[in-house]
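Please look through the structure below. The report then takes its contacts one group at a time.

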Amino acid sequence: MRVNWLFKGRRLTGHEALIGAYPETEFNSPWRSTIPLIEYWRSPKERVLELTRALGLVEVDRTGLDFEHMVSPPRGRGKASHTDVMVTSPSFAMAIEAKWTERKSQVIRDWLDGSTNKAEVLRGWCDLLEQRTNGGIDEDDLAALPYQMIHRAASVCHEARVGSTAWLTYMVFQADGNSLQDCLADLQRFAQVLGPRSGLGIVLVECGVAVSNTLKGLHAHWENGARELAGPVRAGLSDGGLLDVAISTVHHIAYPC
């Protein structure tokens with residue numbers, strides 16, 4: 001299998017180059033979900049095979065991994081959606097959103113805040129989603145869902161080729177029970193809004209995390225008030241000495257029709 005590494009659409013030489021492509025601020029906190037995500041993709045061919053088999057997809061001979069993949073809103077004025085990893089191939093596209101210790105994202109009703117421009121931005125994302133549904137999407141039905149979830153799903157609908165499948169995948173690293181259930185509930189509500197004939201697959205992938213003593217030490221430093229820990233975090237990611245990540249459970253929420 002041939003794997004093309006990218007960061008924001010720019011070609012990279014591999015995993016080590018990926019670590020260097022992120023800005024230093026991304027690693028100042030040792031609790032960022034970027035850390036287990038980068039570790040997960042240390043062996044990309046094995047990981048692509050692992051995910052395709054878990055989702056029942058056809059194995060591919062080439063794929064692209066674009067970290068911090070950007071898609072701009074097709075309507076209104078707003079920030080581009082930055083998908084943690086956009087996996088592309090001739091037969092499928094998969095938007096992967098990583099979660100570890102982050103707080104729940106702002107829901108749409110709060111994000112809108114009465115703004116006509118934001119309402120137009122949301123309608124643009126819905127236009128993209130409707131490319132994979134058999135009917136229109138009522139924005140009011142999305143009000144209680146995280147805004148981030150909507151534009152990530154819209155981004156993969158934008159990237160998936162005609163005739164290929166599109167997947168929204170939430171990769172949750174060692175979450176506590178409440179966080180996991182909240183994420184599952186949001187994805188299930190989103191699937192209901194899209195309807196039973198949606199062309200968007202939705203899954204949640206639970207990953208176990210074995211934290212090394214090195215990373216435990218960095219966590220302790222953080223809790224004691226230390227900041228700007230990017231140097232040791234980068235070094236640990238580079239030599240593989242921070243943590244081990246493995247898929248534990250795959251929750252299939254919706255299959256693309």
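What follows covers the model itself, then aromatic rings, salt bridges, helix packing and contacts across the sequence.

## The model

This is a predicted model: local features need pLDDT of at least 70, side-chain atom pairs count only at pLDDT 80 or more, and totals for chains, interfaces and linings use all residues. Residues are numbered from 1 along each chain as its sequence is written, and side-chain values use heavy atoms, with hydrogens and water left out.

## Aromatic pairs

A pair of aromatic rings is described by the distance of the centres and the angle of the planes. Rings of Phe, Tyr and Trp (its six-membered ring) pair if their centres lie within 6.5 Å; planes under 30 degrees apart count as stacked, over 60 as edge-to-face and the rest as tilted. The structure has seven aromatic pairs. One of them joins Phe-7 and Tyr-22: the centres are 4.8 Å apart and the planes stand at 70 degrees, so this pair is edge-to-face. Phe-7 belongs to strand β1 (residues 2-7), while Tyr-22 sits in the loop between α1 (15-21) and α2 (34-40). The two are 15 residues apart, and the pair links distant parts of the chain. Helices (H or I, at least four residues) and strands (E, at least two) are DSSP runs, numbered from the N terminus. Are Phe-7 and Tyr-22 buried or exposed? Both are buried. Buried means under 20% relative accessible area, exposed over 50%, and partly exposed in between (1.4 Å probe, protein chains only). Phe-7 and Tyr-22 also form one aromatic cluster with Phe-27.

Now take the pair of Trp-31 and Trp-100. Its rings are tilted, 5.7 Å centre to centre, with 50 degrees between the planes. Trp-31 lies in the loop between α1 and α2, and Trp-100 in the loop between β5 (92-99) and α4 (108-112), so the pair ties together parts that are 69 residues apart in sequence. Trp-31 has a relative accessible area of 25%, so it is partly exposed. Trp-100 has 11% relative accessibility, so it counts as buried.

## A charge over a ring

Another ring faces a charge. The charged end of Arg-227 sits over the ring of Trp-222, 3.7 Å from the ring centre. A charge sits over a ring if NZ of Lys or CZ of Arg is within 6 Å of the ring centre and within 35 degrees of the ring normal.

## Salt bridges

A salt bridge is a side-chain nitrogen of Lys or Arg within 4 Å of a carboxyl oxygen of Asp or Glu. How many salt bridges does this rule give? The count is 14. Among them is the bridge of Arg-47 and Glu-50, whose closest N and O atoms are 2.9 Å apart. Both residues lie in helix α3 (residues 44-55), three residues apart, about one turn of the helix. Arg-47 has 14% relative accessibility, so it counts as buried. Glu-50 has 29%, so it counts as partly exposed.

Arg-152 and Glu-97 meet in a salt bridge of 2.4 Å, N to O. Arg-152 is in helix α6 (residues 147-159) and Glu-97 in strand β5, 55 residues apart. Arg-152 counts as buried at 6% relative accessibility, and Glu-97 counts as buried at 3%. Lys-104 forms a salt bridge with Asp-186, with 3.3 Å between the closest N and O atoms. Lys-104 is in the loop between β5 and α4, Asp-186 is in helix α7 (residues 177-194), and 82 residues separate them. Asp-186 counts as buried at 3% relative accessibility. Salt bridges also link Arg-75, Glu-120, Arg-123, Asp-127, Glu-130 and Glu-139 in a network.

## Contacts across the sequence

Gly-9 is in the loop between β1 and β2 (10-12). Its relative accessible area is 46%, so Gly-9 is partly exposed. Gly-9 and His-69 are 60 residues apart along the chain, yet their C-alpha atoms are separated by 6.6 Å.

Ile-38 is in helix α2. With a relative accessible area of 0%, Ile-38 is buried. Which distance separates Ile-38 and Val-245 in space? They are 9.8 Å apart, C-alpha to C-alpha, and 207 residues apart in sequence.

## Helix packing

Two packed helices are described by the angle between their axes and the distance between the axes. The axes of helix α5 (residues 116-129) and α6 come within 8 Å and cross at roughly 45 degrees. Axes are lines fitted to C-alpha atoms, for helices over the stretch in contact, and angles run from 0 to 180 degrees between N-to-C directions. α5 and α6 are therefore oblique to each other. Angles under 35 degrees count as roughly parallel, over 145 as roughly antiparallel, 65 to 115 as roughly perpendicular and the rest as oblique. The crossing of α5 and α6 is left-handed. A crossing is left-handed if the near helix is turned anticlockwise from the far one by less than a right angle, and right-handed if clockwise.
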